Amino acid sequence: MVSNIPYFTALTTYFSCAMLFAFGKIRDTFTKFFCPSTNLRGYAPISEGHEDFIMRLYLRIEPKYHLLSICIFSASCNSVVRTKNVSRCLNLGSYNYLGFAATDEYCSTRAIECLKIFSASTCSTRVDGGTTTVHTELEEQVAKFVGKPAAIVFGMGYVTNSAVLPVLIGKGGLIISDSLNHGSIINGARGSGAFIRVFQHNTPSHLESVLRENIAEGQPRTHRRWTKIIVVVEGIYSMEGELCKLSEIVAICKKYKAYVYLDEAHSIGAVGKTGKGVCELLGVDTANVDVMMGTFTKSFGSCGGYIAGSKELIDYLKYTCPAHLYAISISPPAAQQIISAIKVLLGEDGSNRGAQKIARLRENSNFFRSELQKMGFDVLGDYDSPVMPIMIYNIAKLPAFSRECLEQNVAVVVVAFPATPLLLARARICISAAHSREDLIKALEVISRVGDLVGIKYLPAEPKKQQLLEENRAHLNCRIHFQ
């Protein structure tokens with residue numbers, strides 16, 4: 001991707017970052033001499049050095065808003081203060097892919113009834129008193145939905161990866177991870193004690209060469225055989241919006257007898273004809289994926305995560321995984337929300353709303369992506385993916401883009417170094433089935449104006465882009481008037 005960056009943009013990005021770091025260091029030097037220390041009783045600072053510098057830098061350049069409600073701003077270099085300025089914004093930053101996070105005619109009433117029966121929390125771990133009939137039903141519904149014999153659920157999505165990987169593999173094992181995998185996967189792999197190798201993002205040919213090389217060489221120093229090899233990939237990469245090349249990866253793993261661990265945090269519920277994820281979308285048999293992981297915080301409008309697999313795998317996790325043994329169980333109303341959302345997607349609520357939501361999400365995503373590209377924005381990712389990174393590149397343009405969009409009541413999320421490489425700063429748009437066509441057209445108009453103002457349209461725009469937007473708006477107005 002770096003090779004596609006315009007040379008002038010790359011040059012100005014490096015220059016602006018150098019100036020930002022230089023003036024920041026100069027300011028820190030003067031602060032030490034003229035500002036009294038806030039250190040209490042000689043305690044060491046919580047963060048210091050490069051980590052502290054980056055944190056304070058982000059307080060100056062990060063988007064200064066709280067989505068959909070309270071505007072906040074940096075009152076000083078070290079604090080962010082809530083203000084009384086309230087604005088209602090079009091949300092293009094959340095993972096509410098199917099709209100279940102809002103009040104739903106089927107899900108909300110059942111979650112409320114569950115709250116009355118089971119209360120807000122079990123206040124216990126799953127192995128003590130934290131397993132209710134709702135938790136048992138949820139695990140059965142998840143296994144049925146993803147097409148696996150059994151499943152186990154956890155109260156937090158991040159913990160699902162970071163706590164399960166160290167249980168599945170340890171010293172003497174090999175984890176081969178995609179270079180752009182999520183931080184929860186990275187932390188879980190590091191905590192496992194296994195040897196970690198990385199393959200180029202979404203490149204099956206490089207994965208095969210890494211597998212072949214490490215199988216031939218064996219463990220470091222001893223050259224013994226690996227006790228186990230796990231290849232970890234994501235269904236949709238959250239910073240790239242790209243679909244995993246799952247068919248090729250599964251074929252390679254079968255060839256070399258490696259296990260496949262698939263993280264479907266952003267793909268489960270969001271892609272596939274019935275929302276069952278990338279396996280359904282790409283035609284991959286779920287029997288060929290050994291460990292299927294996902295979260296409920298996105299498409300299902302709730303919290304927590306799951307692991308689905310063979311009955312032997314799930315039984316093993318129930319006896320050994322610390323997130324199951326020691327962490328509090330998922331809230332019963334949250335579990336009921338997931339169960340209800342799955343039933344809507346499967347049509348078990350007696351309607352076809354689930355199919356309509358999935359179709360609308362796909363239509364919205366593809367429409368928005370194609371229109372952004374017509375305008376001249378450099379947009380990453382694949383069609384059908386609801387995640388759309390708009391490449392901004394220059395870190396100095398991030399706050400300008402975010403704040404100008406906010407001024408026009410459109411809330412977006414921007415991401416920069418160190419979350420991305422230095423040259424690859426971006427705005428990440430997340431589309432929802434709850435967005436109307438009118439919402440999308442409004443957002444496109446705002447993003448187009450701000451893009452012109454900030455100067456981030458790096459590709460040739462189609463000459464009729466504005467005309468197309470006006471035609472869409474006119475058609476929408478006519479349809480609303482007719483109805």
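1. Seven strands build an open sheet with mixed pairing, in the order 4-10-9-8-7-5-6. Its edge strands are strand 4 (150-154) and strand 6 (195-199), each pairing on one side only. On average, neighbouring strands of this sheet are turned by 20 degrees against each other, direction ignored. Strands (E, at least two residues) and helices (H or I, at least four) are DSSP runs, numbered from the N terminus. Two strands pair if DSSP finds at least two bridges between them.

2. A word on the basis. This is a predicted model: local features need pLDDT of at least 70, side-chain atom pairs count only at pLDDT 80 or more, and totals for chains, interfaces and linings use all residues. Residues are numbered from 1 along each chain as its sequence is written, and side-chain values use heavy atoms, with hydrogens and water left out.

3. Strand 5 (residues 174-178) pairs with strand 6 in the parallel sense over five bridges. Ser177 stands opposite Val198 in strand 6. Helix 6 (residues 183-192) packs on the sheet and touches strand 5, strand 6, strand 7 (229-234) and strand 8 (259-263). The direction of helix 6 makes about 165 degrees with that of strand 5. Contact means heavy atoms within 4.5 Å. Axes are lines fitted to C-alpha atoms, for helices over the stretch in contact; angles run from 0 to 180 degrees between N-to-C directions.

4. Helix 10 (residues 311-320) lies across strand 4, strand 9 (291-295) and strand 10 (305-309). Helix 10 runs at about 135 degrees to strand 10.

5. Now the rings. Rings of Phe, Tyr and Trp (its six-membered ring) pair if their centres lie within 6.5 Å; planes under 30 degrees apart count as stacked, over 60 as edge-to-face and the rest as tilted. By this rule there are six aromatic pairs. Tyr95 and Tyr97 form a tilted pair, because their planes are at 50 degrees, with ring centres 6.1 Å apart. Tyr95 is partly exposed at 25% relative accessibility, whereas Tyr97 is buried at 0%. Buried means under 20% relative accessible area, exposed over 50%, partly exposed in between (1.4 Å probe, protein chains only).

6. Phe195 and Trp226 are stacked, at 5.7 Å centre to centre and 25 degrees between the planes. Phe195 lies in strand 6 and Trp226 in the loop between helix 7 (204-217) and strand 7, so the pair ties together parts 31 residues apart in sequence. Phe195 is partly exposed at 34%; Trp226 is buried at 12%. Elsewhere, ring pairs link Phe145, Phe296, Phe300 and Tyr306 into a cluster.

7. Asp104 sits in the loop between strand 3 (90-91) and helix 3 (107-118). Asp104 is buried, with a relative accessible area of 5%. The Asp104 side chain reaches the backbone nitrogen of Tyr106 at 2.9 Å. Such a polar contact is a pair of N or O atoms within 3.5 Å; within protein, one must be able to donate a hydrogen and the other to accept it, and residues adjacent in sequence count only if both atoms are side-chain atoms. Not counting residues up to four places away in sequence, Asp104 touches Thr109, Arg353 and Lys357.

8. Two charges sit over rings (NZ of Lys or CZ of Arg within 6 Å of the ring centre and within 35 degrees of the ring normal). Arg110 lies over the face of Tyr106, at 3.7 Å from the ring centre. Lys357 lies over the face of Phe100, at 4.8 Å from the ring centre.
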